[in-house]
Every structure is written in C-alpha cells, then in structure tokens.
Amino acid sequence: MKDNKKLISAPYYSIGQLRLDKWNELKNESEELSLCKTGSAIESKHKEKIRLLLSDLKTVEQYYAIPGKTIIEKLKKCFDNGDHSVFAHHINNTTRQLINDVYSGNPYSQKDDDGEQLETEFVSSANQSTGKNYFEVLFLENLNSIDETTLQDRLRELHDHNDQFTYNVIVQHSFQDALIALFFNPNIQSVVIRYAPPYRSEHISPLIKPYIQNVLNIDHHDLPEAELGPKLGQLIKQFRPEIDIYYVTDTALGDLKDSTLATFRRIYYRKEDLQELHLAIIRGICERYHTPFFSAVKEYSQKPTGVFHAMPISRGNSVFKSKWIKDFGDFYGRNMFLAETSSTIGGLDSLLQPTGPLKKAQEMAAVAYGAQRTFFVTNGTSTANKIVLQALVEPGDLVMIDRDCHKSHHYGLVLSGAFPVYLDSYPIEKYSIYGAVPLEQITQKLQVLKNAGRLGNVKMLLLTNCTFDGMVYNVQRVMEAVLAIKPDMIFLWDEAWFAFAGFTYTYKQRTGMFSANKLHVKYQSEEYRKEYQTHIKGLKEGEESSLPDPDKVRVRVYATQSTHKTLSSFRQGSMIHIWDEDYRKKSENTFLEAYMTHTSTSPNYQMLASLDVGRRQTQFEGYEMVERSIELAMVLRAKVVVNPLLKKYFDVLTVKDFIPDKYRQSGLNEYYDTTKGWNRMEEAWEKDEFMLDPTKITLFIGRTGIDGDTFKNKYLMDKYNIQINKTSRNTVLFMTNIGTTRGSVAYLTKVLLQIAEDLDKQFESLNKREREIADAHIQSLTQDVPPLPDFSRFHSSFLAVPGVPGGNLRAAYFLAYNEENCEYISMIDCQKAIEQGKELVASSFVIPYPPGFPVLVPGQVVSEEIIRFMLVLDVSEIHGYRADLGLRIFKDSVLNRQKTATAMGAMGITKKKKLTEV
Ligand SMILES: Cc1ncc(COP(=O)(O)O)c(C=O)c1O
C-alpha cells in the first residue's frame, strides 16, 4: 500500500470554499484597513495582506465571469488609489452578493460608461431583474485583452431583449485553462473553441494546484496544437457531456475526423460568424431546457375539457365543489388537479406505448444519463428491478447476486424462476454494517460454476452500487474481470442511491452507464485487440486469460435508479437505463413484455412530468448541485472531527473504517485530516476496489449508550424533527443531497452539540448504580458486537445441481403456499435443534427492517449464526417473522418429498438430453 503521506492534501475541500473564504478574508482586511491610522505599522500589515489576497483572487476569478478578473483589476486600482473606505465598501458588496449565492450576474452590469464602476449589479441565477436564466459561455482562444473585450462587446450587442436566456463570455487562453474553468465554474453551459489554442496554462499556481488534479492527470502537451481543439471537445464530452460545444476551425472539411464531427454541435469556418454562433448557443440552451412531457401536461391542463370517463378528481371537479374535502384542493392548489388526467391523446402520450412527448422525454433522459435507452418507471426502483430481472432471465438461469441487496431483487427472482447464486458482502461487524462483495469472491464463484459445467447457465451479475451505506464498486474493473470469464454476462447495477452520480466526474466513473460506454469503445478498438493478442501470447500453459476476448465480449449493462431518492422527482419516480449491444437482437421483446407486466395502466402524470423536469435540472445544474452536496457532506464530516464535545460522543466513520486496507490501493484513509486538511480523493475514485460515497455520513454513536433506533426516533425525530432513514445497532446514517442547504448542516451540527451537552449533564447526575447501567449499555454498543451472518446455503432439496451454488428459490417460495408444508419453531428450540445436528429450512423470507434485506430466504438452511444474529436484533420490524409464533420452516417430510422431485427433475433433464443426442 502507498504511504498515506504521499496523498495530496489541501486546506479547503473545494475551490468554491477557497474562493468564498478569500473574499471573506479580503472583506475583513479591507474593513480593518479603513479604520487604520494612515502610515501606521498595522496599516502596512493590512495592505500587505490585501495585496496577497487580491493576487490570489485574481488567480481564481479568471475562471469566472462574475465577479471575474476585470472586477479584481478595478478593485486593485481602487486600492492603489488609497481611498480605503470606498475600497472596503466595494469589497463588502461583492462579498455579500457572492456569499448570498447571487453570483450569476447580469451580463450587462460590468459594462460601465467610464470604465471605473466596480460593483456588478448582481442578480440571481433566475435573473430577477430580467426574468431570464443566466449562463456563461467559455471561449477558448489566445486573444489579447483588446480582442477579448471586442468579442465580449460584439456578442453583447447580439442579445435581444426577447431572448429567454442571457449569457456572459469568459475567455480562456490555453487548453489547460479551459479545462480548469470547466471544473471550477458550473455556470458554463456552452464552449466555443476557436482554431488552435496553446496547451499550457500560465496561471497554475500552488494555490489552485490541489484542486485541479483531474486536469493535471491529463497530459496532451505533445499533441499538435491543431489537434488540441478536438481533444478538448472529447474531454468535455466525458467530464461534462451536457455542455454544447462549438468549433471554429480552418481545417478543410475533408480533413476533419469523424470523431471531431461527432463531438461538436456545430463547426464554423469563419470566426466572424458571431450572429450565427450566438443563435446556435441560444438554440442549444433552448433544446436542453425543453421538457416535452412537462410542457405537454401544462398545456393540456390549460385546455377546457369535459370529463366523461372514470376519474372524478380530474380538473379538481370532485374536490373544489365539495363541502368536505375542499381543504385537500386548497392545500395542493388548482394546477395539481388540472393536470390530473388519464388522457393519452390531446398532446399527451401513453407510457405503455409512447410515441409523443413521453417518448421524447425518455430519449432526452437517455442522453442526460449517458444511456442508449431510458425507461421511466412509476413505482420506484422496487418495480424497475423486477422489470429488468423478468425481462432478462428465465426459469433455471443462474443469477449471481449480493445477498444483502434490496428485497425487490429476491422477489424478482421468485417471479422469474431464476436461481440465485448468493454472494456475501464482507461484514463490518463493529458497526453491524455490511460492506460490499469483493471481486475475488465473484470470480472464484464463477470459476466454481465453470468447473461444474454450469457457466452456460449463468446469465446475470447483479450488484448494489452504491449501497445504502455508501459503498461504491469499481464498476469497470468488476465488469472487465467477469467478462474475461463469461463474455456474455449481463450486468444489473442497482443504482437506487446513485442517480446523482452521473453528474460529477469522480462519481460518474463508477456508474453502470459510463463504464458500459467506456468498455464498448475499448473493446471495439484496434489497440485493445492488439493488447489482447499480446496478453494471450504471454500466457503460460493452462493459464486463463484475464482479459475478455474482443471477438466474444458483449457489453450488456442495465442500471436502475430511484431518481426520487437523490434528484428532483416525485416519490416513486425511477428510471431504467440501458446500454446493451444485444438489446434489439435479444431482449427488446422480453423487456417490453416485462415492462407491460409491471407498469400500471394508470401511471401518475405528475410523477412522469417530474422525471422530465428533473432531467432538465441535471443538465443545467446537476454538476453544481452534486458538487455542493458533496462539499456540505465534507463540512459535516470535518465539524464532527474537530469539535471536542462532538468527538467525545460521536465518530464519523472513515473510509478506513468501511474499507479494509487491501481494497484501498490509493492509501486514502479519510477525506479530512485534522493536521493536513483535505485529502484529495481523485486517485482513490479512479483506482480503489471500493470507495465510500462521502455524502453518506455514518455516525458511530456507541459512546452515547443509545442504540441507533432510539437515537433516530426519540432524539433526532421526536425532539428535533430531523429525519433519517437508516440506523444500525450503534450507528446512524445522515445523507446530504442536492436539496441540502448550509443551514440544514448547521442545524444538524447544533442538534448534535445539544445532544452531547445533554448527555454530559445526564452522565454527571447519575448515581453509582445508574452509572453502572449506563456503562453496561455503552459496553454493549461498543464492545459486544454480534457477528453478521453470511448466506448459509440452500438445502439440498432446492439445489439444481448437488454441491453447486444456485438454489430454486421459486420452488421453495411456492411450496410454502400450502400451510400444511410448514411448521413454526421458537428461536430457542431452533438453537437446540441445530446444536443436535438437525437441518432447519426457512419457508419464508425473513427481513429485518432496517436494513431491509433478508437474513433468510425460502429454501435456505437456518444456521446457528443467523439465530444468534436474530436473537440480538434490536429493530422494531422483522418482516416474515412473528416472535409469538416462531420461525416458519418446512416440515422434514416435505423436504424429503422435494428432494426426490428435484432429483427426478435433474434426471429428466439428463434423459431429455440423451434423447436429443440420439
Ligand atoms: C438498493 C435499493 N434498491 C431498490 C430500492 C427500492 O427503491 P424504491 O424505493 O424507489 O422502490 C431501495 C430502497 O430503499 C434500495 O435501497
């Protein structure tokens, strides 16, 4: 493992934090300067500090249009003029507006008559003064300052007051600077690359270096300048694909590569075509802004319509005329009811067979999420998962699946009749949390199936990414390793908690769609073919290839996402994203069939419209909002680590707590270090087998003596109205999302401090006996950790092939439909029976909630560890288990009968095979 000291660290988590902090410092310094006696020693100290701050801010502000480098230059002039009060006033205004997040400014405000005006009349992003949405356009060209101003002026003249959008221009002079601007500035929505820019930035200072690791990791300094424009276009497509890119070139049309033509939205040959360019920029934004289904619903709701079908609530008729439920209407407002309809015509569309706005909305979502196809789902990812399973696997197929996955997958397997091969996530016993499934286990199990002649039956690998607790797989590495053994494997990534991940580069690398796209390109390339051939030649006798065969490999990837969990959508709004090279050939019919099976014929239009609008949001502000939610998570993590009172009772679990050393190749232990500041995590996201999503913050509360469930309900919810949804025995999980505000993080910190103070007082007031009891609670929560059970095994009656993983879950599930086949046994009797060597077999799913995945599935042998685990479980709900009745198991006689049936079935298969051979 790498020495952790080598990790790059920085005093701020992000450039945004640094920028705000520098402005704040400047504000404080300028205020103090204005109060200083002229010529005093303290005055020169402040002046020195201000010069440094202005220089730092100039480095940063050149990547933003507003306040931007021009304002910094003007402020510098004002400072040099010596009127310190005026200087302090301007700084104060600028900082205030920046902090209030109204930095997306009016493009015209910087232009002043005498060139001396300093204040930008900031307005919010939804430009309050003009009512227009504001964005920034990045121009890449090595212009001198006069040409730069001329370009900005000429474009400004082209703005029409009727335009729905308005923008400002920032010019960058090198390839590297353009990339830095794109990482720093989320307001950039369009990029214009003109001719051949130089490669190197002249502005990379130690100040910004830690924040541009992604840029520094890219090295194209040896590319000819003429190729830098297209290369930058391709990189933007990877980092921020939502951005519209334009190219102005003098390369002859015939000499332009196909990849260049595919990368740019438009290519121009005359730099002077500014009018055309301006119109294209506005058009590009309009297209992304368009929400076909939401607009159709809005339009429909405005039409006068008579309702003569079932749906009295439609247009609010049954609500607003009511004497008794009018408050319902008043609460939700008229539009909600005007938009309630079941119409599939009149501008609307049918989810079951879309041809109009819903089709278009789903196509636009596919582009936004990097999929080949996207389907909207109106009953959450619980349904999305069942659709995908039913579409792709048949009775008897083998599905490799993490046992601690969401219950919808287990039910999907029952429905489809496929046999699960359960994979075990490594346990993090100290905190009663499961980690994720190591790749080694996946490949080993595949080898076992291969050796047993069952590889042909394996159809799918299904994993949860990320898990509820934030464990993130190295998706590409997993798929490559598996495809080397089984080149036609289908992957289903349950990304219920990961829809937001597609909108920032670090996370995106570990999503199903991005990785599928990358592998598709890779396996089609000549370079890969050569690499594979060299690899094959280098293999020793009997050694198997660790690379997929390019002639056999198929990229078939599905991802299900609860859009409603992490992005803007009404509850239950989910999506299925598909990147499947064989979709048309092999799966389209079955997919549509499964989609029909599970999709309501009365889908909720509000929910569908929210998916459409949510897509628009991700394409304009996804990058900014996701980055901000990560930043807020980091702030919360750091707060707990540095505050002595919080530290006394709480620990934020670190990357190291979650991920054993062997899976952290980068050596990253934690995001924040009290001595070194923020560790940069880019390398870890790229390399490590597992990552911890920083927006999932697990707080260890063992030292409070309060268990997770009580802490959640009695402390956070009842006392402080703080809602969370996951706990373990000794942890609670907080999540930040795109709706989290600085205020809510501050409130949570305040509440934790309050709880810690109350605990201090409470512990101080305890008598000796009470203290002993409290200590015993703490001891139990911090030391006595119950082991987390693995999946035991399927009983031999339900194994398709004796001794080979893969059980007939469906057979066991339906066998239990007959009550006569089952009996109940108390936990204590279970324990005794197991000790005496008896095999007990579960007849139902047993699902403790939280965390909500089964500890027992039908057909599974009940192990001692499982009973011990259940005996110490302290959750309020255990689905499928009633303590008064005991555990529901199969009777022995039934198991024997089933064993014979299974054996006969297996023989039948053999006989049939022989017949066909004959
Ligand atoms: C991993 C996972 N998959 C699927 C689901 C189901 O998602 P939904 O609530 O959208 O039905 C959940 C719900 O918590 C989940 O945690």
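**Close-up 1. Contact between helices α33 and α34 in the predicted model.** In this predicted model, M827, C830, Q831 and I834 of helix α33 meet E864, I867, R868, M870 and L871 of helix α34, where contact means heavy atoms within 4.5 Å. By class, the residues of this contact divide into six nonpolar, one polar and two charged (Ala, Val, Leu, Ile, Met, Phe, Trp, Tyr, Cys and Pro count as nonpolar, Asp, Glu, Lys and Arg as charged, and the others, Gly among them, as polar). Helix α33 covers residues 827-835 and helix α34 covers residues 864-872, and the two pack at an angle of about 155 degrees with their axes 10 Å apart. The helices α33 and α34 are therefore roughly antiparallel to each other, a term that applies to angles over 145 degrees. Their crossing is left-handed, that is, the near helix is turned anticlockwise from the far one by less than a right angle. Helices here are DSSP runs (H or I, at least four residues), numbered from the N terminus, and axes are lines fitted to C-alpha atoms over the stretch in contact, with angles running from 0 to 180 degrees between N-to-C directions.

**Close-up 2. Packing of helices α11 and α15.** Helix α11 (residues 292-302) and helix α15 (residues 357-368) pack at an angle of about 150 degrees, their axes being 7 Å apart. These two helices, α11 and α15, are therefore roughly antiparallel to each other. On the α11 side the contact is made by P292, F293 and A296, and on the α15 side by P357, L358, K360, A361 and M364, a set with seven nonpolar residues, no polar residue and one charged residue.

**Close-up 3. Surroundings of the ligand.** The ligand is surrounded by 13 residues, of which the closest are S382, D494, W497, S562 and H564; a residue belongs to this set if one of its heavy atoms lies within 4 Å of the ligand. Polar contacts (pairs of N or O atoms within 3.5 Å) include one in which a polar side-chain atom of H564 lies 2.8 Å from an oxygen atom of the ligand. A polar side-chain atom of K565 lies 3.0 Å from a ligand oxygen atom, while for T381 it is a polar backbone atom that is 2.8 Å from an oxygen atom of the ligand.

**Notes to the views.** Residues are numbered from 1 along each chain as its sequence is written, and side-chain values use heavy atoms, with hydrogens and water left out. Local features need pLDDT of at least 70 and side-chain atom pairs count only at pLDDT 80 or more, whereas totals for chains, interfaces and linings use all residues.

Conventions
A polar contact is a pair of N or O atoms within 3.5 Å; within protein, one must be able to donate a hydrogen and the other to accept it, and residues adjacent in sequence count only if both atoms are side-chain atoms. Angles under 35 degrees count as roughly parallel, over 145 as roughly antiparallel, 65 to 115 as roughly perpendicular and the rest as oblique.
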